[in-house]
Amino acid sequence: MIQSLGLADPERENALLIGIVEAISAGPELALLAAKVVPLITAATATDVCFLHVLDDSDRSLTLVGATPPFDREVGQIRLPLGEGVTGWAASHGRPVVIVDHKENDPRYRYFPQLRGQDYTSMVSAPMASSPGGLVGVLNVHTRARRDFTERDVRLLTSIGSLIAGAIHQARLHRRLAARERAHERFTEQVIAAQEAERRRLAADIHDGITQRLCSLRFHLNAAHDALSDASEFAAAQLVHARRLADLTFDEARAAINGLRPPVLDDLGLADSLASLARSIAEVHVIVDADECSLPEHVEIALYRIAQEALQNVVKHAQASIVCLRLHRVSDAVMLQVTDNGRGLAAGSLPLSSDRAGGEPTSGGYGMTSMTERAELIGGHLEVRSHPGRGTTVSARVPIP
C-alpha cells in the first residue's frame, strides 16, 4: 500500500501518485522514467525546474538523466563525482540540502553554465534511496523567486524520491544487464570473426603453399611418365601410383580449403549456402528445406558451421543414405535440424552437451563438442535425438532478438 506523501490537497496527491505509477509502468528504461517523472515533481512542489541525477554503474559519480525543458537537452551531458557540488554532497551524506538564496556563496555549490543557475534563486537537493538498492541518486528542484522551503516541502520531496527510487534501482539493473548482453554480443561477434579470419589465413596458406607444390609435383610426374616410355613396367606402374596419390592429395587439399572458408557464404544468404553445402556432399542424398531468415552475420556463420559439422558426422559415422537439412523460424528463434536415416547412437536419446556420467562429450567426439560450443556461443543450445537403427536428429535452436 502506498503511504501518503503529505500533500495538503488530496486530489493533487492522488494525481501525483497516479502519474508516478504510470511513469514506472511505462517500462524499465531509465531515461523514459526520468522524463515522465520530472514534470510531475515540479507540478506537485510548485517549483520551476527539476533535475534527476542518478548514480552511474561505478557508484562514484552522478549523471543527469532527467530534466524539465529546456534543460532536457543536457541529459547525459552533466556529470559530477560523488561528494562534489550540492548534489554530490547530498548524495554522499544522505541528507537533503536547502538553499534559500545566494547559493553561489555556499562552498558546496558548483556552477554549470548549461543549467543557468544564475536564473534560479532557491533550491532543494534531496537524496533518493530505496530499501533494496540504497542510494540511487538525487532530485533537485529550483525556483526563480526566493522561497523558504519548509520541512513539509522537504519531506514531500524525500517521499517522492523514495517512491521512485525502487523503480530507478530496477532501471539501473536493467541498464547493466542490457550493457552486459551487448558486450556479450560484441564478444561473440569478435570471437567468430577471429575464427573466420584464422580459417581464411589457413585456407590461403594451403592454397598458396601445399596446393601449388602439388600442382608442380603432378607436372613433374606427368613429364617423368612421358619420358619413361621405354622404361620397365615396374617404374611406369610406380609413376602411375604416384600420380594418383598426388591427385588424391590435391583434391583433399582443395576440399580442406572449401571447408575452412566456403566463399558461398560471403555471396549468398544462409539458406542458399546450406543448399550449396548439401550439393557438395556426394556420399549421401541431402534434402534441403531452408527458409530465408534475416540473421546477424556471426549467427549465420555459426549455424552454417554446425550444419557442416553435422553433415560430416553423418558421412563419417552414420552409414545413412538420406539426410534432411531444415532451417526455419520457430516463434522468436531459428531452428536448424539435420536428420539422417543411419544406424543411430547406441546410447539412445541423449543431449549433446554431456553424457550421463556428467562430464565428457557424447558420441562424436570433437565434432559434437564443436557444434555445442558454437550454439552456446551465439546464445542457443544444441541437442541430439537418436535411437539404434532409426537414425539421428541434431537440432540447434538460437533465439532471435
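Which residues form one aromatic cluster? Phe51, Phe71 and Tyr120 do, and the close-up views below begin with them. This is a predicted model, in which local features need pLDDT of at least 70 and side-chain atom pairs count only at pLDDT 80 or more, while totals for chains, interfaces and linings use all residues. Residues are numbered from 1 along each chain as its sequence is written, and side-chain values use heavy atoms, with hydrogens and water left out.

**View 1. The aromatic pair of Phe51 and Phe71.** A search of the whole structure finds 2 aromatic pairs, a pair being rings of Phe, Tyr and Trp (its six-membered ring) with centres within 6.5 Å, where planes under 30 degrees apart count as stacked, over 60 as edge-to-face and the rest as tilted. The ring centres of Phe51 and Phe71 lie 5.5 Å apart and their planes stand at 65°, so this pair is edge-to-face. Phe51 belongs to strand E1 (residues 49–55), whereas Phe71 is in the loop between strand E2 (61–67) and strand E3 (79–81), 20 residues apart; helices (H or I, at least four residues) and strands (E, at least two) are DSSP runs, numbered from the N terminus.

**View 2. The aromatic pair of Phe71 and Tyr120.** Phe71 also forms an edge-to-face pair with Tyr120, at 6.2 Å centre to centre and 65° between the planes. Tyr120 is in the loop between strand E4 (97–99) and strand E5 (122–130), and the pair links distant parts of the chain, 49 residues apart. Phe71 is buried, with a relative accessible area of 1%, and Tyr120 is buried as well, at 5% (buried means under 20% relative accessible area, exposed over 50%, partly exposed in between, with a 1.4 Å probe and protein chains only).

**View 3. Arg108 and the ring of Trp89.** The charged end of Arg108 sits over the ring of Trp89, 4.7 Å from its centre, a description that requires NZ of Lys or CZ of Arg within 6 Å of the ring centre and within 35 degrees of the ring normal.

**View 4. Glu300 in helix H8.** Glu300 is buried, with a relative accessible area of 16%. Leaving aside its neighbours within four places in sequence, Glu300 is in contact (heavy atoms within 4.5 Å) with Leu270, Cys293 and Leu295.
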